[in-house]
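Colleague: I am new to reading structures, and I would like to learn how to look at a few features one at a time. Could we begin with the picture itself?

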Amino acid sequence: MKKDQTYLDSVHHYGRIWNLSVLVLFLLFPALLMVIFKTLPDWRGLSLGLLATAPMYWAVAFVEIFTYVPMLGAGGSYLSFVTGNISNLKLPCALNSLEQAGVKANSEEGEVISTISIAVSSIVTTIIIIIGVILIVPLTPILNAPVLAPAFAQLIPALFGGLAVVFISKYWKIAIAPMLLMIILFITIPALNQGTVGIMVPVGVIFTLGVARLMYKKGLI
Amino acid sequence: MEFSVNHPIIFVMVGVIIAAVLAQSIFFLVRAMRRAKELGMESKTLRKTIKTAAIFTIAPAIAIVISVMTLAKDLGLALPWLRLSVIGSLSYETVAAANAVSAMGLTLGQVKSLTASQYITITWVMTLSILVGIWLMPLIGKRIQNGMINIGNKDKKWSEIFTNAMFIGMLSAFLGFVFSDFSTVFSGDWSGLIPVLVMIVSALVMAICGLLVKKIKWIYDYALPLSMILGMLSAIPITNWLS
């Protein structure tokens, strides 16, 4: 048990060092641009731009920490909150790996598998983007071909359709109520769309936890 | 130094940051692999995890490359390369860039050239807007995890249901999202049905893989990438048909 704690503790220890160091690097980038090109930002544009963007993003990020950390595990979370694309890539990837390895998310084996899966996904993504950047001239007409556009436009439905079958077939009793609620909400409320689905994730999670707790107490699951 | 959105020095800085993030992923990967061996996990399982994670990542990563290409038209190549390689996501970065650009009276998609000051402004807006998770995780991540461990210590069965209920909650939000344009059907526009049909195709492929797995063992490893790619491909005829 002590050894288990040591591994998790070390993940938090190194995760903190890495994330805070990378944070400094991220901030250095615009700061150095100012020094190198001897220019200040357009202060009015900066405040207006931040006002339009930051409050919502900050609120979403705050909620995301509470929603995603229990699902991603410690190592996976430190990596995911640096490398991004959590809901459309890292989390589905980790979920699939946990399922295939046959380990539980809340076990140490789960923690390790989730970290490996997210680290590999981050490395592969970074490499593919580097290839894309180097080959942007020949690749642009291919990837932007009108015939392929509908395929990439439907990435999320194509990804979650398959993933949903795996999980819903296993936990269908818990899944019925939240699925129905979300489908009804998204059909009837026009403001719910690609931009706001991130806000609905915690809503779905809290609702499902409530349903699951109720069913568990009543001995239904 | 004369400014250009594709100035080599910007590429060098972006390259250094991306190399650091890559190093972090490798660091965590190596440590997790070592721990897995200590826990007595089989090398076969670990190799399979690496292989399937890599294969699964390809299609979503290509979608990210397409976003880099789109944003590069306005912002040069270096900034979208950085922003989409670290934190953020497809949808976030486009919105952040659009807000930053329009705050200076320009329109994303029609920017001909940027001054150094405009570029730096956009970079600050995109950077500061997205930076919460990266410092909040070191601050409260451990406490959230300890909370989960406590739940597990108190009631193991509930702890398992708890994590699965979270997964289901997340999945149902995205299933709901697939229906977000569905109401267009009521006014005779069938395009809102496209994501729903694509999802059904993907789900069917997964279900068929599940049935075939007894006969063709390898299909289990590739079921998710396969259902995703076939779902995406089905979007081409479905879109042509319904729009």
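Modeller: What follows is a walk through several local features of this model, which is a predicted one.

Colleague: Let us start with salt bridges. How many salt bridges does the structure hold over all chains?

Modeller: A salt bridge is counted when a side-chain nitrogen of Lys or Arg lies within 4 Å of a carboxyl oxygen of Asp or Glu. Over all chains, the structure holds 7 salt bridges. In one of them the side chains of A:Lys170 and A:Glu99 meet, with a distance of 2.9 Å from N to O. This pair links distant parts of the chain, for A:Lys170 belongs to helix 7 (residues 155-170) of chain A and A:Glu99 to helix 3 of chain A, 71 residues apart. With a relative accessible area of 46%, A:Lys170 is partly exposed.

Colleague: Which chains and helices hold the salt bridge partners B:Arg35 and A:Glu108?

Modeller: The side chains of B:Arg35 and A:Glu108 meet in a salt bridge of 2.7 Å, N to O. The pair crosses between chains, from B:Arg35 in helix 1 of chain B to A:Glu108 in helix 4 (residues 108-134) of chain A. Both B:Arg35 and A:Glu108 are buried. A further salt bridge, of 3.1 Å from N to O, is made by the side chains of B:Arg83 and B:Glu93. Here too the pair links distant parts of the chain, with B:Arg83 in helix 3 of chain B and B:Glu93 in helix 4 (residues 90-103) of chain B, 10 residues apart.

Colleague: Are B:Arg83 and B:Glu93 buried or exposed?

Modeller: The cut-off to keep in mind is that buried means under 20% relative accessible area. B:Arg83 counts as buried because its relative accessibility is 3%, and B:Glu93 is buried with a relative accessible area of 1%. Salt bridges can also share partners, and in this way A:Glu108, B:Arg35 and B:Glu38 are joined into one network.

Colleague: Now the aromatic rings, please. How many aromatic pairs does the structure hold over all chains?

Modeller: There are 16 aromatic pairs over all chains. Take B:Phe11 and B:Trp81, whose ring centres are 6.3 Å apart and whose planes stand at 35°, so the pair is tilted. B:Phe11 is partly exposed at a relative accessible area of 24%, whereas B:Trp81 is buried at 10%.

Another pair is B:Phe27 and B:Phe28, which is edge-to-face because the planes stand at 70°, with the ring centres 5.9 Å apart. B:Phe27 is partly exposed, with a relative accessible area of 26%, while B:Phe28 counts as buried at 4% relative accessibility.

Colleague: Which residues do ring pairs link into a cluster?

Modeller: Ring pairs link A:Tyr14, A:Trp18, B:Phe27 and B:Phe28 into a cluster.

Colleague: Finally, the surface. Which residues form a positive surface patch?

Modeller: B:Lys44, B:Arg47, B:Lys51 and B:Lys217 form a positive surface patch. Among them, B:Lys44 is found in helix 2 (residues 43-75) of chain B and counts as exposed, at 60% relative accessibility. There is also a nonpolar surface patch of about 330 Å², made by A:Val24, A:Leu28, A:Leu32 and A:Val35. Of these residues, A:Val24 lies in helix 1 of chain A and counts as partly exposed, at 48% relative accessibility.

Terms used:
Residues numbered from 1 in each chain as written. Chains lettered and ligands numbered in written order. Predicted model: local features only at pLDDT ≥ 70, side-chain atom pairs only at ≥ 80, totals over all residues. Heavy atoms only, no water. Patch = residues over 30% accessible without salt bridge, like charges linked within 9 Å, V, L, I, M, F, W, Y side chains within 5 Å. Areas by Shrake-Rupley, 256 points an atom, 1.4 Å probe, with all protein chains shown as cover. Lys, Arg positive; Asp, Glu negative; His and termini not counted. Charge placed at Lys NZ, Arg CZ, Asp CG, Glu CD. Helix = DSSP H or I, 4+ residues; strand = E, 2+ residues; numbered from the N terminus. Buried < 20%, exposed > 50% of the residue type's maximum accessible area, 1.4 Å probe, protein only. Phe/Tyr/Trp six-rings, centres within 6.5 Å; stacked < 30°, edge-to-face > 60°.
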